[in-house]
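Hi,

Here is the structure I promised to pass on to you. Have a look at it first, and then read on for my notes.

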Amino acid sequence: MANLTKKQEAIFQFIRDEADAGRPCPTHREIADHFKFASTFAAACHLKALVKKGFLIADEGKVRALWVAQSFPGVRRPVTAEIPLFGSIPAGFGEDREQEPDSCVVVDVATIGFKPTRNTFCLRVVGDSMIGKHICDGDIVILEHGPDPRNGEIVAALIDRKTTLKTFVQKGGKTFLRAENPKYPALVPSEELVIQGVFKALIRKA
């Protein structure tokens, strides 16, 4: 956190954790005991600094009258966005299926590294054909509909009326889809290849 020493940041986090847990603000003595200060004076000095820097609000004359400011300097508040989740997509052999709207995925824009647009959507991965790109069964891929893929980019595609997630490859004047797992063959379109979305980011639940 900007403008805070490491100890001030630790104390602020301790107070915020207590507040999030529904407990009252710790006293000077409780803070001193928690951080093993020799006296309450050190705790009081750190709290005074946190109030001065705008991270805490104090009500003078009351023992537990400190609370976390609703907005404070140097702390980024997440900018979130909702991205529609259109079911699943095979990361294996292509399947003849239609994508149905499922729900929405809420993401932190800073975490995924780009600002979603109205053409951004998500699909849940089924299969292991893309493990070479660290995309595993159960992951959620974020894709952008519209842009033409560059050679080597991961795409959601409709190939001969079957959907799949693969790497887009242009080589020797031919276009095909490559799996990132040697047990799966490359997919060469015999009729049509429609790019539904270009890979932008990955969400993996622990």
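Strands β8 (residues 162-171) and β9 (residues 174-178) pair with each other in the antiparallel sense, over 5 bridges. One of the pairs is Lys-171 with its bridge partner Lys-174 in β9. The two strands form a hairpin with 2 residues between them, and Gly-172 in that turn has a positive phi of about 60 degrees. Please keep in mind throughout that this is a predicted model.

An open sheet is formed by 8 strands, in the order β4-β3-β5-β6-β10-β7-β8-β9, and its pairing is mixed. At the edges you will find β4 (103-108) and β9, each of which pairs on one side only. From one strand to the next, the twist averages 45 degrees. Further into that order, β6 is joined to β10 (residues 193-203) by 5 bridges, and these two strands run antiparallel. Here Ile-140 has Ile-203 in β10 as its bridge partner.

Now to helix α1, which covers residues 6-20. Its 15 residues reach 21 Å from the first C-alpha to the last, close to the 21 Å expected at 1.5 Å a residue. Which residues of α1 are buried? They are Gln-8, Ile-11, Phe-12, Phe-14, Ile-15 and Glu-18. Seen down the axis of α1, these buried residues fall within an arc of 155 degrees, so they line one face of the helix. On the face of α1 turned away from the buried side sit the exposed residues Lys-6 and Asp-20.

Lys-36 is not a glycine, yet its phi is positive, near 60 degrees. You will find Lys-36 in the loop between α2 (28-34) and α3 (40-52). Is Lys-36 buried or exposed? Its relative accessibility is 73%, and the cut-off for exposed is over 50%, so Lys-36 counts as exposed.

His-134, another residue other than glycine, also has a positive phi near 60 degrees. His-134 lies in the loop between β5 (120-126) and β6 (140-144). With a relative accessibility of 59%, His-134 counts as exposed.

Best wishes

Terms used. Residues are numbered from 1 along each chain as its sequence is written. This is a predicted model: local features need pLDDT of at least 70, side-chain atom pairs count only at pLDDT 80 or more; totals for chains, interfaces and linings use all residues. Side-chain values use heavy atoms; hydrogens and water are left out. Helices (H or I, at least four residues) and strands (E, at least two) are DSSP runs, numbered from the N terminus. The expected span of a helix is 1.5 Å times one less than its number of residues. Buried means under 20% relative accessible area, exposed over 50%, partly exposed in between (1.4 Å probe, protein chains only). The arc is that of the directions from the helix axis to the C-beta atoms. Two strands pair if DSSP finds at least two bridges between them. Axes are lines fitted to C-alpha atoms, for helices over the stretch in contact, and angles run from 0 to 180 degrees between N-to-C directions.
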